[in-house]
Amino acid sequence: MFHAIEKYRTLSQVLLGIIGVSFVGFGIASFEIVRDNRYIVKIGDQVINRAALDEAVRNSQASGGSASREEVFQTLVQRAYLMEGAKALGIAVSDTQIKQGIVDAPIFHDEQGKFSPERFQTFLKNNHLSESAFMQMERERLTLVSLLQMLNSNVVTSGQAERYIQTQMAERVIRTSVFNPENYAAQVKAGDAELQKYYDAHKSNYAVAPGVKYEYMVVSPKDLVDKQTVSAEEVQAALKTATTNQKPTRRIAHIMINAPKSADAATRQKAREQAEKIAQEAKASPDKFAELAKQYSQDTGSAQNGGDLGALTQGSLPAKPLDDAAFKLAQGAVSDVVETDFGYHIVRVLEIQGNDAAAQEARVRQELQLKKAQQAYEKIREEIAEFTLNTPDLKAAAQKFGLTVQQQNEWLTQANAGSLHVPKAVADTLFSEDVMTKKHISEGISADGATWFVRVTDTRPAGTETLATARDRIRADFVRAESIRLARAAAQQAQTDLQARKAVTLAWTPEQNVLPMQMQAALVPADYKAFMAAVPNNGQPAYAVVERNGMVELVEVLKNNPLGGGQIIQAVRMQLAQLRGETVTQAYLQYLQTKIPTKQGVEKVNEE
């Protein structure tokens, strides 16, 4: 399957969004002359080198994505195949089409809504692009758009959509009878022979993953800000060259619930409802905004900072509704839910910065400190790396550079790294041969805007718990599994009797209406399939045995409530057409992968 990036919902959006040139300022990939085999891979005539991959990763991060470097690379590979496929199909974009697109782009319009050559040239200058380079990049983007539009031009009839709605989406009226597995536990015999047999069949459940304990040191630009000095002369020089210091500036935080404009109506409605609840809570307790952002915000770039987006000038936010809301609020106030193309936002103004001379000077001084801190950060990273290479002592490095060595004394595995809040790049390095086996200090690891240096202090090899050491847990697992099996057997017997119109005494819950998506979220795939196959016929109910919330249930489906209407049918038609388009795109990509030659270069996806 295609590697998805959270911000984007469909295959087309992934492919266009990750590196496609757009007018939203997420950065533009640089062009280089490729010499010999200085690239990662060459697919047909499409070359993917480290520079292009680095730029694509930056674009993904700038747009709020959290895809790994490998996932971004795979997306570039998929795009390269499709670009070659477009060429094979004779898809071409003319200069006229490109120029018309530039003229029509609102970002290049003046206050009267007309194309401004000056704005276009400023855009090129700010992105270090020639006009011909920009034209070529737009040509590639529009070529890919044309191909994807062709692959996604599927037609689904109203009849097909309606059948899908009634069988897959219509509300069910059900009632259930619960078969509690605990009521069958006394029937389970759990002797030595039974436990040994269960253990032998489920040994993988008692595997012990390789683990490490380690010490680490982290350095980041924010740790160095207060150490930077800025002279009055530097501040005055910066004030003279500043072009935006007269604009209103505010420090802003937000909480975002993802719901791109391409999402279906149900998804967007669910996201809005979630955002409304969060907004209510934030308005009731504005001081808890940062906690709510960490808990709920799906903007991975700001959530861990309490939603803090930093100091922003008016007009600089990525969406106008967001900008309008942020610059109307009083300091400390929380907005209503704000809708943008990205989803739903709740905004809080943390600080309103003045524009008098003193405020401007303070702001410029802070910006210069941040800039110097970034420069100092780059320098200290190199110095620490060189020091630890020659002096393999993390504590000595910390003492020399004024940092702190911290200990991780809980066993870290690759499976629990997320729950321990260890960045993936750090966990991968800890389990590399050089660091885990040889216990060398790692090279600097870039993660979440900081650099980590780690050293393994203890290791635990992979293994399997024995029956003797894990006996109590194994017995509990066996009794539970057998109790569920017996409960299911009883429920299935009741189902058989009911289908045969026999009298069965059961305790039924009151009737309730459920949507398939509610059941899908609560059931394993096999049980959900059984539930969806239970369709009442000729006024007779249908039955399914499922396991939900740790209980075995006999579900009686009494009827399906009709669901329809022109808007619903049209929305489902569009959704089904999109799914078909993604299937066609996937099939075409697989075909291209068998036909187009590839060549590996000397560059690597990850630094070694």
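# Exercises on a Predicted Protein Model

In the protein chain of 608 residues, buried residues make up 40%, where buried means under 20% relative accessible area, exposed over 50% and partly exposed in between (1.4 Å probe, protein chains only). The model is predicted, with pLDDT of at least 70 needed for local features and 80 or more for side-chain atom pairs, while totals for chains, interfaces and linings use all residues. Residues are numbered from 1 along each chain as its sequence is written, and side-chain values use heavy atoms, with hydrogens and water left out.

## Exercise 1: The chain as a whole

Task. State how many helices and strands the protein chain has, and what share of its contacts between residues at least 6 apart in sequence join residues at least 24 apart.

Solution. Step 1: the secondary structure comprises 20 helices and 17 strands; helices (H or I, at least four residues) and strands (E, at least two) are DSSP runs, numbered from the N terminus. Step 2: a contact means heavy atoms within 4.5 Å. Among contacts between residues at least 6 apart in sequence, 72% join residues at least 24 apart.

## Exercise 2: The nonpolar cores

Task. Identify the residues with the most contacts inside the largest nonpolar core, and the element that gives the most to this core.

Solution. Step 1: a nonpolar core is a set of buried Ala, Val, Leu, Ile, Met, Phe, Trp, Tyr and Cys residues joined through side-chain atoms within 4.5 Å. Step 2: the largest one has 27 residues, and those with the most contacts inside it are Ile43, Ile48, Leu53, Phe73, Tyr81, Leu82 and Leu147. Step 3: at least two residues of this core come from each of β1 (41–43), α2 (50–62), α3 (69–88), α6 (131–151) and α20 (566–595). With nine residues, α3 gives the most. Step 4: setting aside residues up to four places away in sequence, Leu147 touches Leu82, Ala86, Leu89, Ile91 and Tyr588. Step 5: there is also a second, separate core of 23 residues, which includes Tyr199, Ile474, Ala494 and Tyr543.

## Exercise 3: Two packed helices

Task. Describe how α8 and α17 pack, and name residues that meet there.

Solution. Step 1: two packed helices are described by the angle between their axes and the distance between the axes. Axes are lines fitted to C-alpha atoms, for helices over the stretch in contact, and angles run from 0 to 180 degrees between N-to-C directions. Step 2: α8 (residues 192–201) and α17 (residues 471–499) pack at about 90°, with axes 10 Å apart. Therefore α8 is roughly perpendicular to α17, a term for angles of 65 to 115 degrees. Step 3: Asp192, Glu194, Leu195, Tyr198 and Tyr199 in α8 meet Arg471, Ile474, Arg475, Asp477, Phe478 and Ala481 in α17.

## Exercise 4: Tyr184 and Gln495

Task. Is Tyr184 buried or exposed, and which residues does Gln495 touch?

Solution. Step 1: Tyr184 lies in the loop between β3 (172–179) and α8. Tyr184 counts as buried because its relative accessibility is 16%. Step 2: Tyr184 and Leu486 are 302 residues apart in sequence, yet their C-alpha atoms are 6.5 Å apart in space. Step 3: Gln495 is placed in helix α17 and is buried, with a relative accessible area of 15%. Not counting residues up to four places away in sequence, Gln495 touches Tyr543, Ala544, Val545 and Leu554.

## Exercise 5: Gln228 and an annotated region

Task. Which backbone oxygen does the side chain of Gln228 reach, and what is the secondary structure over residues 363–390?

Solution. Step 1: Gln228 is in the loop between β5 (211–219) and α9 (232–241), and its 16% relative accessibility makes it buried. Step 2: its side chain reaches the backbone oxygen of Leu224 at 2.9 Å. Step 3: apart from residues up to four places away in sequence, Gln228 touches Gln369, Lys372, Ala373 and Ala376. Step 4: an unreviewed UniProt entry annotates residues 363–390 as "coiled-coil region"; such annotations may be inferred rather than shown by experiment, with positions given in the numbering used here and feature names shortened. Step 5: over residues 363–390 the chain is 100% helix and 0% strand, with the end C-alpha atoms 41 Å apart.

Terms used. Polar contact = N/O pair within 3.5 Å; in protein donor to acceptor, adjacent residues only side chain to side chain. Parallel < 35°, antiparallel > 145°, perpendicular 65-115°, else oblique.
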